[in-house]
Amino acid sequence: MNEERVRIFKLLEDGKITAAEASALLDAYTAKNATPPPPPVSVYAPAKIAGNAGKAPRFLKMQVKVESANHDNVNVNMNIPLSLARAVKPALTSALPKDVQETLRDKGIDLSALDIDAILDSLSELEDGQIMDVDVSSGGGDNVMVKIYAE
């Protein structure tokens with residue numbers, strides 16, 4: 001038993017606090033010193049690859065799985081090289097017509113200000129690489145799972 005709890009029981013034993021006060025103090029102490037539960041782990045989370053700790057991810061991966069009640073199942077796996085993101089950025093602005101760029105700018109979207117390096121850096125800082133994990137089930141037996149992660 002730790003020192004703080006012993007002191008609370010000693011105060012109770014000496015009659016300096018009531019049982020209700022001791023209980024409140026013990027509850028407060030327990031809540032203050034409780035170990036937070038571990039974060040939930042998704043069953044769809046991508047596994048970490050041994051030896052890749054601290055390395056920048058190389059691919060943006062997207063998996064879509066549709067399970068239909070009538071057995072028309074669909075699986076889609078996409079692997080997009082993140083190096084492609086740097087190469088595509090200039091094309092984002094130069095390939096779009098000027099009127100489209102202006103419309104986007106009017107809506108507060110400036111593709112020329114897009115910081116690809118910052119985005120890629122943030123992907124490498126993700127602990128498990130997971131960006132999005134969605135699992136949707138309908139009452140009719142249809143299930144859709146979408147997983148997007150960097151690896």
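The legends below accompany close-up views of a predicted model.

The model is predicted, so that local features are given where pLDDT is at least 70 and side-chain atom pairs count only at pLDDT 80 or more, while totals for chains, interfaces and linings use all residues. Residues are numbered from 1 along each chain as its sequence is written, and side-chain values use heavy atoms, with hydrogens and water left out.

**View 1. Overview of the elements and of the confidence in the protein.**
The secondary structure comes to 5 helices and 4 strands, where helices (H or I, at least four residues) and strands (E, at least two) are DSSP runs numbered from the N terminus. From the N terminus on, these elements follow one another as α-α-β-β-α-α-α-β-β. The average pLDDT, which is the predictor's confidence in each residue on a scale from 0 to 100, is 76 for the protein, and 83% of the residues score at least 70. Confidence is highest in α1, with a mean of 87, and lowest in helix α3 (residues 83–94), with a mean of 72. Over residues 41–52 the pLDDT falls below 50, and this stretch has 18 contacts in the model beyond near neighbours in sequence, a contact being heavy atoms within 4.5 Å.

**View 2. The pair of helices α1 and α2.**
Helix α1 (residues 3–13) and helix α2 (residues 19–33) have axes that come within 9 Å and cross at roughly 175 degrees; axes are lines fitted to C-alpha atoms, for helices over the stretch in contact, and angles run from 0 to 180 degrees between N-to-C directions. The two helices are therefore roughly antiparallel to each other, a term for angles over 145 degrees. On the side of α1 the contact is made by Glu4, Arg5, Ile8, Phe9 and Leu12, and on the side of α2 by Ala19, Ala22, Leu25, Leu26, Tyr29 and Thr30. By class, this contact has 8 nonpolar, 1 polar and 2 charged residues, with Ala, Val, Leu, Ile, Met, Phe, Trp, Tyr, Cys and Pro counted as nonpolar, Asp, Glu, Lys and Arg as charged, and the others, Gly among them, as polar.

In the order β2-β1-β4-β3, 4 strands form an open sheet with antiparallel pairing, where two strands pair if DSSP finds at least two bridges between them. Strands β2 and β3 (130–137) stand at the edges, each with a single partner strand, so one side of each is left without a neighbour in the sheet. Direction ignored, neighbouring strands of this sheet are turned by 5 degrees against each other on average.

Strand β1 (residues 59–67) runs antiparallel to strand β2 (residues 74–81), and 8 bridges join them. The bridge partner of leucine 60 in β2 is isoleucine 80, and that of methionine 62 is methionine 78. This hairpin has 6 residues between the strands, and histidine 71 takes a positive phi near 70 degrees there.

**View 3. Strand β4 and its partners.**
In strand β4 (residues 143–150), 6 of the 8 residues are buried, so this strand is largely enclosed by the rest of the structure; buried means under 20% relative accessible area (1.4 Å probe, protein chains only). Antiparallel pairing joins β1 and β4 over 8 bridges, and β3 and β4 over 7 bridges. Methionine 145 of β4 stands opposite lysine 65 and is also the bridge partner of aspartate 135. In the hairpin of β3 and β4, with 5 residues between the strands, glycine 141 takes a positive phi near 95 degrees.

Notes:
Angles under 35 degrees count as roughly parallel, over 145 as roughly antiparallel, 65 to 115 as roughly perpendicular and the rest as oblique. Buried means under 20% relative accessible area, exposed over 50%, partly exposed in between (1.4 Å probe, protein chains only).
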